[in-house]
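Visitor: Please take one part of this model and go through it closely. Start with how the elements are named, then stay with the part and what lies around it.

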Amino acid sequence: MLRDIRIESGAFDPHRIASDLARECPEAGGIASFLGAVRAGGGVEALELSHYEPITLAGMEALADDASTRFDLMGLAMIHRIGHMVPGDPIVCVAAASRHRRDAIEAIDFCMDHLKSAAWFWKRELRSEGAGSAWHWIEPREQDYSDKDRWKK
Amino acid sequence: MAVTILFLGPLRDLAGEDSRQADAPLDWAGLLDAAGPLVAEQLKSERVNVACGGKVLSDKHSLNAQDGDEVALLPPVSGG
């Protein structure tokens, strides 16, 4: 299976991820992709993502292993940003290629549920407040945990 | 040489610094002591994990960090 698992410290082009996967997996009949971006509104001026280098990429590779065991995939790409971002910037892109659509669609859902609440990333937002702005750490929501738990066998 | 304790994510704000040195060897009781009361309270939560030498410990209470090891304190994550 073709794999492209990366952590990027600078901007990446999310639109190339799925098209590259489609080109490299010509026998795939289904290509699904998901793009997560920094949401505008709520006074958000910036988003900062940090990770812990010794384990974060290894954890994403293990997640890709798990996805490729559960689903019949021909290709899987998982790209996650770290560093400083502003509203509109891509944070994460997951794309999957499979013979038939269901495996690709479910694989990206599975990967996203785990990237949200089980991958080694920490996120904080810079929000405008009165005359200035302040950083706030983002706590995972209960929904993020229950989304992940849907996949427990 | 010593053990380096790394404070990840929001634990960094609680600790007031990115990292701190502690004497080796460092066990669970020693970690709670070296981390300070605010971080120690968080460490007791099962949602906070501990990595030693680049491996997440399945039982953080069994921590046994040696000279030169990096001990990372990993609070609940928020990716994606």
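Guide: Helices and strands here are DSSP runs, numbered from the N terminus; a helix is H or I over at least four residues, a strand is E over at least two. The model is predicted.

Take helix α3 of chain A, residues 101–117. Look first at its neighbour within the chain. Helix α4 of chain A covers residues 142–149. The axes of α3(A) and α4(A) come within 9 Å and cross at roughly 140°. Angles over 145 would count as roughly antiparallel. The pair α3(A) and α4(A) is therefore oblique. The crossing of α3(A) past α4(A) is left-handed. On the α3(A) side, D113(A), H114(A), K116(A) and S117(A) make the contact. On the α4(A) side, the residues are D144(A), Y145(A), D147(A) and K148(A). Sorted by class, this contact holds five charged residues, two polar and one nonpolar.

Now turn to the other chain. The contact takes 22 residues from chain A and 13 from chain B. Four elements of chain A, namely α2 (53–70), β6, α3 and β7 (121–129), each supply at least two residues of the side that touches chain B. Helix α3(A) gives the most, with four residues. The class make-up of that side of chain A is 15 nonpolar, four polar and three charged residues.

Two of these elements lead further. L73(B) touches, among others, I5(B), L6(B), F7(B), L8(B) and L11(B), leaving out residues up to four places away in sequence. A35(B), V39(B), L43(B), V48(B) and V50(B) are also touched by L73(B).

Helix α2 of chain A holds P54(A). P54(A) has 16 C-beta neighbours inside 10 Å, so this proline counts as partly exposed.

One more proline, now in chain B. P25(B) sits in the loop between strands β2 (19–22) and β3 (26–27) of chain B. The peptide bond from A24(B) to P25(B) is cis, with omega near -10°.

Back to the starting point. Helix α3(A) is oblique to α4(A), and α3(A) gives the most residues to the side of chain A that touches chain B.

Methods
Residues numbered from 1 in each chain as written. Chains lettered and ligands numbered in written order. Predicted model: local features only at pLDDT ≥ 70, side-chain atom pairs only at ≥ 80, totals over all residues. Axes fitted to C-alpha atoms, helices over the stretch in contact; angles between N-to-C directions. Parallel < 35°, antiparallel > 145°, perpendicular 65-115°, else oblique. Left-handed = near helix turned anticlockwise from the far one by under 90°. Contact = placed C-beta atoms within 7 Å. Nonpolar A, V, L, I, M, F, W, Y, C, P; charged D, E, K, R; others polar. Buried ≥ 20, exposed ≤ 12 C-beta atoms within 10 Å, placed from the backbone.
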